[in-house]
Amino acid sequence: MAHEIDPKLVEEFLSFTRNVAEAPKLVPAPNEINLESSQFDVAYEEDKVRLLHFRPTTSSKVKTPLIISYAIINRYHILDIQPEKSWVRKLLEGGIDVYMIDWGNPSNIDKYLDFDDYVNTYMENCVDFVRKEADAKSISLQGYCTGGTISTIYAALHPQKVRNLVATAPVIDGWKDTTVVSNMARHIDVDRMVDTIGNMPPEFMYYCFSILKPFEQGLEKYYKFFKNIHNEKFVDSFLRVEKWLSETPPIPGELFKQWIKNIYQENLLIQNKMYVGGKQVDLKRISMPVFIQVAVGDHLVSPECSMPLHYAVASQDKTLRIYPTGHVGMIASSYSQKHILPELCQWLAER
Amino acid sequence: MSQDIKQPVDNFKHVSLFWTDLLHLISGKPVSLTSVGPTRNWVNDMKKITTEVIDSYENLIEFNQRLTEYYKQLTETWIEAQKKVNAKVPSIPQDSESLEAYKRVWIDIFENDFTGLFDSEKFAQNYGSLVSAELELTKRWENITNVLFQSLRLPTRKEIDEVYKELHELRKRVKKLEKREHQQDGA
């Protein structure tokens, strides 16, 4: 007896192939998409680093300006990826004066940039610029992912200039990190790597991304993309994130070396044994209000890696929030718009 | 590298280097007579390149071993995951949703098993060694190109690195001086 194929399956297969064929007519190529959503001015520039000042959309409600330190992996665009999921836009709507550090695209000449340059030169100069421009003694500082680590180190070394510290999925305790990234980082001969290839190439990061969720992220998401090709909102959001993911700049060799050794291999930061620019980074010097945001489903920086910051600082006013989302979901999702950002805006407004 | 492979490689390296060195010594004087000026370096350069190529065999063997282990780990995990999927198939309801259900089961099991592999010590160790072996090969290639660059009186990678380092330190010094000057002007 001949085996009958379910007509629904045939219809689904035909519909899927139609979608694949129609895709180029319906959606732009990732290269044709502009990732910038909110308007900004470049307030300050130094080497390849830019300090972006976002134009206000409402009257000011929070006196202290906020500087966001984006991560050193990928670019800052994810924080302003599209209007309805924009982290920046929501903060602006909350009446917060928002600045963002764009670390730029390091090239071979930047191979010797290290933590000292990022913390004590670039971030320090950005903070001083904003303090002067806003006529403020101190600023609020938010860091995301590796930017959270840089911000934490800055707050420990220059506590008088930071009024509030917000650490969003910061990489703090490398030994407690349970992600695939930390497993790889612990087994890499980083001296040999930097000595041989200089800056850490984006391809290395792409490999790390590819093994995080190889089947869900590698196959299923593209299947969903073609299946939803007529859903304009879905497609727009998908392509923006894809473009963002594919634009990872290299990481300066010396910074990468210190990063892997000090954070993942020797775990010096949480033990207060890390030195930046010849100065010891003592987390107990952080006594300003601290807000730590972590995500349960974070597969890049596990909550166990970020949470120790809460217990390491000397601050009396400290808040730890654990959200049921992922690493990117925490900053660019409907969930973050509804739950995370209103909480952050309120926290900043109260201080 | 295992001992049974290391010994023939060492022998091969020794024999190759013996003949390269000896030929270099024998041909050194006559070749010197026929080459004049900067081209006299040619023989020396060729020796350096040959030595790098011979030395790279060891790295190539190490790289291939690690790469084989890498694919072995991936293949074994794939086979095990597929076995689990096959065992689960009879429990998937045979209706119009079965294909979607099968896909979900397949992805869940594969994701779980491969994440387990990538999280494991054995994977990370082999991966680290694989990358190191690849870097050693890259270094050999860099050494060969450095010989060629030097013969053309072009800066080598090491020399460019020195320039980058010098530039980095200069930039730092200039920034410090500018800041100090700025602070003095403000005071």
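# Chat about chains A and B

Colleague: Starting with the strands, what does A:V290 stand opposite in β10(A)?
Modeller: In this predicted model, A:V290 stands opposite A:K318, which belongs to β10(A). The strands concerned are β9(A) and β10(A), the latter covering residues 318-323, and they run parallel with six bridges joining them.

Colleague: And how many bridges join β6 of chain A to β9(A)?
Modeller: There are four, and β6, which is made up of residues 162-168 of chain A, also runs parallel to β9(A). To give you one pair to look at on that side, A:A167 has A:I292 of β9(A) as its bridge partner.

Colleague: Is β9 of chain A mostly covered or mostly open?
Modeller: Mostly covered, since six of the six residues in β9 of chain A, 290-295, are buried.

Colleague: Which residues sit on each side of β9(A)?
Modeller: A:V290, A:I292 and A:V294 lie on one side, while A:F291, A:Q293 and A:A295 lie on the other, and with every one of them buried both faces of the strand are covered.

Colleague: Changing topic, where is A:G174 found?
Modeller: A:G174 lies in the loop that connects β6 and α5 of chain A.

Colleague: Why does A:G174 count as buried?
Modeller: A:G174 counts as buried because 24 other C-beta atoms lie within 10 Å, and the cut-off is 20 or more.

Colleague: Which residues is A:G174 in contact with, leaving aside its neighbours in sequence?
Modeller: Once the neighbours within four places in sequence are set aside, the contacts of A:G174 are with A:S182, A:I263, A:Y264, A:N267 and A:C305. A:F16, on the other hand, is 158 residues away from A:G174 in sequence and 43 Å away in space, taken C-alpha to C-alpha.

Colleague: How many residues of chain A are in contact with chain B?
Modeller: On the chain A side there are 25, and they are in contact with 23 residues of chain B. The helices of chain A that each supply at least two residues to the side touching chain B are α1 (7-26), α5 (180-186), α6 (190-197) and α8 (216-227). Sorted by class, that side of chain A has 11 nonpolar, nine charged and five polar residues.

Colleague: What about chain B, how many helices and strands does it have?
Modeller: Chain B has five helices and zero strands, and 12% of its 187 residues count as buried.

Colleague: How does the span of helix α2 of chain B compare with what it should be?
Modeller: At 1.5 Å a residue, the 48 residues of α2 in chain B (41-88) should span 70 Å, and the end C-alpha atoms are 69 Å apart, so the two agree.

Colleague: Which residues of α2(B) are buried?
Modeller: The buried residues of α2(B) are B:T51, B:E62, B:F63, B:R66 and B:A81.

Colleague: And is α5(B) hardly covered or well covered?
Modeller: It is hardly covered, since the count of buried residues among the 30 residues of α5(B) is zero. For its span, α5 of chain B (157-186) should reach 44 Å at 1.5 Å a residue, and the 43 Å between its end C-alpha atoms agrees with that.

Methods: Residues are numbered from 1 along each chain as its sequence is written. Chains are lettered from A and ligands numbered from 1 in the order in which they are written. This is a predicted model: local features need pLDDT of at least 70, side-chain atom pairs count only at pLDDT 80 or more; totals for chains, interfaces and linings use all residues. Two strands pair if DSSP finds at least two bridges between them. Two residues are in contact if their C-beta atoms, placed from the backbone, lie within 7 Å. Ala, Val, Leu, Ile, Met, Phe, Trp, Tyr, Cys and Pro count as nonpolar, Asp, Glu, Lys and Arg as charged, and the others, Gly among them, as polar. The expected span of a helix is 1.5 Å times one less than its number of residues.
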